[in-house]
Amino acid sequence: MLRRFLIAICLLAVIGLGVFWVLTRPAPLNAEFASGHVADVENGARIFHAGGCASCHVAPESEDKLTLAGGEGFASDFGTFYAPNISPGPEGIGGWDLPGFARAVTRGVSPEGQHYYPAFPYTTYIHMTDTDVTDLFAYLQTLPVSDTPSKPHDVGFPFNIRRGLGLWKLLYLDEAYVMTGEMSEEVTRGRYLVEALGHCAECHTPRGPIGGLQRDAWLTGAPNPSGKGRIPNITPQGLDWSADDIAYYLQSGLTPDFDSAGGTMASVVDNMSQLPEGDRAAIAAYLKALP
Amino acid sequence: MQKTFTTRTVTAIMCGVLATAGFAASHAGEENKSVTARHAMMQMIAYHTGILGGVAKGEMEYDSAMVDAAAMNIASLAAMDRATLWIEGTEQGAATDSRAKPEIWSDAEGFGAAFEKLETAASAMVGASDAAAVGAGMGDIGGACKACHENYRGPEN
């Protein structure tokens with residue numbers, strides 16, 4: 001009797017492990033990724049700025065915004081994550097190929113087949129077009145190499161079991177856009193800049209207990225993970241700036257009261273100010289079109 | 001034009017009142033008059049930047065006398081002797097309402113250079129011949145505000 005019971009338990013455990021293994025398997029990517037597209041480095045630079053890569057991957061306190069040495073720490077409820085070196089050298093993405101890079105950026109899976117923590121906003125980048133990913137990869141190759149090794153994350157059990165992130169991805173890695181329905185061309189462009197590249201929601205949207213974004217409270221503000229203050233609501237419910245005010249803020253860093261952007265937004269403005277004017281206007285139009 | 005200025009002034013005063021109410025709510029540290037004076041100076045800079053920004057954004061009509069006066073006032077404000085204003089021991093936490101980072105004193109040279117950057121940017125704005133020129137000059141003025149705030153201003157109280 002006891003023997004049969006133990007066998008049943010073991011069988012269930014094996015089945016459970018099998019299901020876990022299948023469910024948490026890092027997803028492969030279409031092998032014909034972006035085939036036939038000739039990389040456009042100039043567009044890659046635009047994607048780099050719109051995606052805000054430098055804000056996290058530049059070494060802390062460094063004034064050199066193009067050497068992506070990593071090392072900046074991001075405190076969270078689950079531990080502290082450190083941005084890795086993504087410069088085009090041996091310590092970074094030097095040996096990577098395009099499909100590997102695309103899988104990393106848009107699916108959060110390393111070339112070795114390991115899940116990345118969602119501190120890396122691949123839940124945003126999943127919306128990036130294949131050609132933009134290709135252009136971005138080409139642009140990154142033009143940046144300086146850094147020899148600084150990446151710092152391991154400081155994350156405790158059970159969050160240090162990366163395989164478990166496969167389950168998290170089943171819940172939160174979603175190819176669908178948040179804003180749907182009829183929209184103008186400008187708002188559609190703004191949606192791409194906000195939802196696919198700018199990852200505004202990573203800070204401006206509240207998170208659930210296991211760190212997933214609450215898509216039904218999109219961009220309505222959230223506690224500051226640094227522990228001090230709140231990240232503001234940037235929907236029309238919380239921000240009464242005109243579209244011009246928003247676009248001007250993203251360009252100059254100046255609020256309608258002519259105070260200047262502070263905290264991490266200062267770094268976002270550094271990126272946004274390098275985009276064409278039409279892109280900033282599109283972001284403003286998108287924010288004004290939110291419920 | 002006149003109406004725009006009146007509306008702006010009223011808005012500015014209301015903002016000031018609200019800001020004061022907000023400041024009053026946080027009572028970390030000891031009262032120090034230099035902090036109040038610093039905030040008044042910052043409000044003066046913001047007010048004049050607002051005139052230039054209004055022209056740059058197309059919300060206000062270009063008026064060369066106004067543009068030059070605003071730019072010169074910002075340059076003068078940036079050139080004020082800091083000895084009476086940034087008194088040691090009035091950093092965030094030590095003085096009520098202060099958001100001054102200790103780096104203002106530990107890196108006094110860098111702090112001075114940041115103000116010089118604003119003075120240079122504002123002086124360069126004098127003589128801007130149309131709204132587009134004002135807009136072009138705003139990049140350096142806004143950049144000076146932002147760079148200094150990033151390095152020397154602490155988070156909101």
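This is a predicted model: local features need pLDDT of at least 70, side-chain atom pairs count only at pLDDT 80 or more; totals for chains, interfaces and linings use all residues.

Q: Why is Asp245(A) called buried?
A: The relative accessible area of Asp245(A) is 11%. Buried means under 20%, so Asp245(A) qualifies as buried. Asp245(A) belongs to helix H10 of chain A, which spans residues 243-252.

Q: What makes the pairing of the side chains of Asp245(A) and Lys57(B) a polar contact?
A: The two side chains approach to 2.7 Å. A polar contact requires N or O atoms within 3.5 Å, one able to donate a hydrogen and the other to accept it; the pair therefore meets the distance limit. Lys57(B) is also among the residues in contact with Asp245(A) when neighbours within four places in sequence are left aside, the others being Pro256(A) and Glu59(B).

Q: How do you know that Asp270(A) forms a salt bridge with Lys146(B)?
A: The closest N and O atoms of Asp270(A) and Lys146(B) are 2.5 Å apart. Between chain B and chain A the count is three salt bridges.

Q: What is the extent of the contact between chain B and chain A?
A: Chain B contributes 19 residues and chain A 16 residues. Together the chains bury about 1400 Å², with 55% of it on carbon and sulfur atoms. On the side of chain B, Lys57(B), Lys146(B) and Arg153(B) lose the most area to chain A, together 40% of what that side buries.

Q: Why is the link between Arg215(A) and Asp174(A) called a salt bridge?
A: The N to O distance between these side chains is 3.7 Å. Since the cut-off is 4 Å, the pair of Arg215(A) and Asp174(A) counts as a salt bridge.

Q: Which domains does chain A have, and where are their bounds?
A: Chain A is divided into domain 1 (30-175) and domain 2 (183-291). Their C-alpha centres lie 21 Å apart.

Q: How many residues of domain 1 of chain A are in contact with domain 2 of chain A?
A: In domain 1 of chain A, 22 residues are in contact with 25 residues of domain 2 of chain A. The two domains bury about 1900 Å² between them, and carbon and sulfur atoms give 54% of this area. Arg46(A), His49(A) and Ala50(A) supply 29% of the area that domain 1 of chain A buries against domain 2 of chain A, more than any other three residues.

Conventions: Residues are numbered from 1 along each chain as its sequence is written. Chains are lettered from A and ligands numbered from 1 in the order in which they are written. Side-chain values use heavy atoms; hydrogens and water are left out. Helices (H or I, at least four residues) and strands (E, at least two) are DSSP runs, numbered from the N terminus. Buried means under 20% relative accessible area, exposed over 50%, partly exposed in between (1.4 Å probe, protein chains only). Contact means heavy atoms within 4.5 Å. Buried area is the accessible area (1.4 Å probe) that two parts lose on being put together, summed over both. Domain bounds come from an automatic or database domain assignment.
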